[in-house]
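User: Hi! Could you walk me through some side-chain contacts in this model?

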Amino acid sequence: MAAGEPGDLGGYYFRFLPQKTFQSLSAPETASRLRQWSMLGRIKAQAFGFDQTFQAYRKDDFVMAFFKDPNVIPNLKLLSDSSGQWITLGTEVKKIEAINVPCTQLSMSFFNRLYDEDIVRDNGHIVKCLDSFCDPFLISDELRKVLLMEDSEKYEVFSQPDREEFLFCLFKHLCLGGALCQYEDVLNPYLETTKLIYKDLVSVRKNPQTKKIQITSFVFKVTAYDSAGMCYPSTKNHEQTFSYFIVDPIRRHVHVLYHCYGVGEMS
């Protein structure tokens with residue numbers, strides 16, 4: 001299709017990469033944790049390739065082209081609100097929103113401050129507190145206070161820019177879990193699972209000049225709308241329902257990390 005013809009989307013063509021598996025999500029240990037956190041069977045990662053140079057300032061064109069692409073439409077999975085089954089997007093996307101998510105963290109030492117601030121004890125146990133609600137979440141420990149309660153004295157342990165980092169978002173999503181989430185008593189399962197998924201999704205390379213490792217991925221939090229309103233990641237808004245697009249401009253891959261809040265697989 002020549003540039004400028006009706007329907008031209010700036011030349012991004014996508015292909016589904018079903019052979020790309022995400023070990024971080026399929027490993028038995030992760031599966032048993034996701035089951036405990038009520039996320040199993042409701043979280044998925046998929047990979048797609050694309051054929052043009054990715055330009056971050058054109059992210060909206062890129063994401064719109066993605067949702068219109070004939071190789072994406074039959075392959076991109078989401079959970080049906082009505083049946084709870086995995087489906088594809090049976091509707092025409094009219095509008096998208098792609099929010100830039102900073103992704104600069106290279107080390108899990110980002111979370112060490114949880115130990116310094118008596119949120120987690122030296123032995124890894126999360127400090128409990130009196131139950132309170134931060135709708136719809138039950139807060140029964142200091143970790144959830146830090147994640148959710150803006151008026152708690154420890155909230156500023158993580159600055160606003162810290163909280164916007166993809167590493168923090170991923171950690172927070174795993175800590176808060178699904179509808180019947182059983183919270184961990186110790187921090188390590190959250191840290192380990194966050195690290196595994198992060199490493200699986202985000203691309204790094206050694207800078208040839210400085211020899212330092214740097215992240216090459218761009219991350220966007222994506223929402224799509226059809227003529228009736230929001231249609232992806234779900235028709236219902238929830239803090240724990242999300243889709244992140246992690247774009248590797250060098251390999252020309254996009255990883256889609258999806259979760260829809262609800263009751264995960266039990267048995």
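User: Which residue meets lysine 59 in a salt bridge?

Analyst: A salt bridge here is a side-chain nitrogen of Lys or Arg within 4 Å of a carboxyl oxygen of Asp or Glu. This is a predicted model, where local features need pLDDT of at least 70, side-chain atom pairs count only at pLDDT 80 or more, and totals for chains, interfaces and linings use all residues. Side-chain values use heavy atoms, with hydrogens and water left out, and residues are numbered from 1 along each chain as its sequence is written. With 3.2 Å from N to O, the partner of lysine 59 is aspartate 60.

User: Is lysine 59 buried or exposed?

Analyst: Buried means under 20% relative accessible area, exposed over 50%, and partly exposed in between (1.4 Å probe, protein chains only). Aspartate 60 is partly exposed at 38%. Lysine 59 has a relative accessibility of 17%, so it counts as buried.

User: Where does the salt bridge partner of lysine 68 lie?

Analyst: Lysine 68 bridges to glutamate 92, with the closest N and O atoms 3.2 Å apart. The two are 24 residues apart, and lysine 68 belongs to helix α3 (residues 59-68); helices (H or I, at least four residues) and strands (E, at least two) are DSSP runs numbered from the N terminus. Glutamate 92 is in the loop between β4 (86-88) and β5 (95-101).

User: How many salt bridges does the structure hold?

Analyst: Another of them joins aspartate 61 to arginine 58, at 3.2 Å between the closest N and O atoms. Glu29, Arg33 and Glu192 are linked in a network of salt bridges. The total for the structure is 12.

User: What kind of aromatic pair do tyrosine 12 and phenylalanine 14 form?

Analyst: Rings of Phe, Tyr and Trp (its six-membered ring) pair if their centres lie within 6.5 Å; planes under 30 degrees apart count as stacked, over 60 as edge-to-face and the rest as tilted. The structure holds 28 such pairs. For tyrosine 12 and phenylalanine 14, the centres are 6.5 Å apart and the planes 35 degrees, a pair that is tilted.

User: And how many residues apart are tyrosine 12 and phenylalanine 50 in sequence?

Analyst: Tyrosine 12 also makes an edge-to-face pair with phenylalanine 50, at 6.3 Å centre to centre and 75 degrees between the planes. Tyrosine 12 lies in the segment before β1 (14-16) and phenylalanine 50 in strand β2 (residues 43-50), so the pair ties together parts whose separation in sequence is 38 residues.
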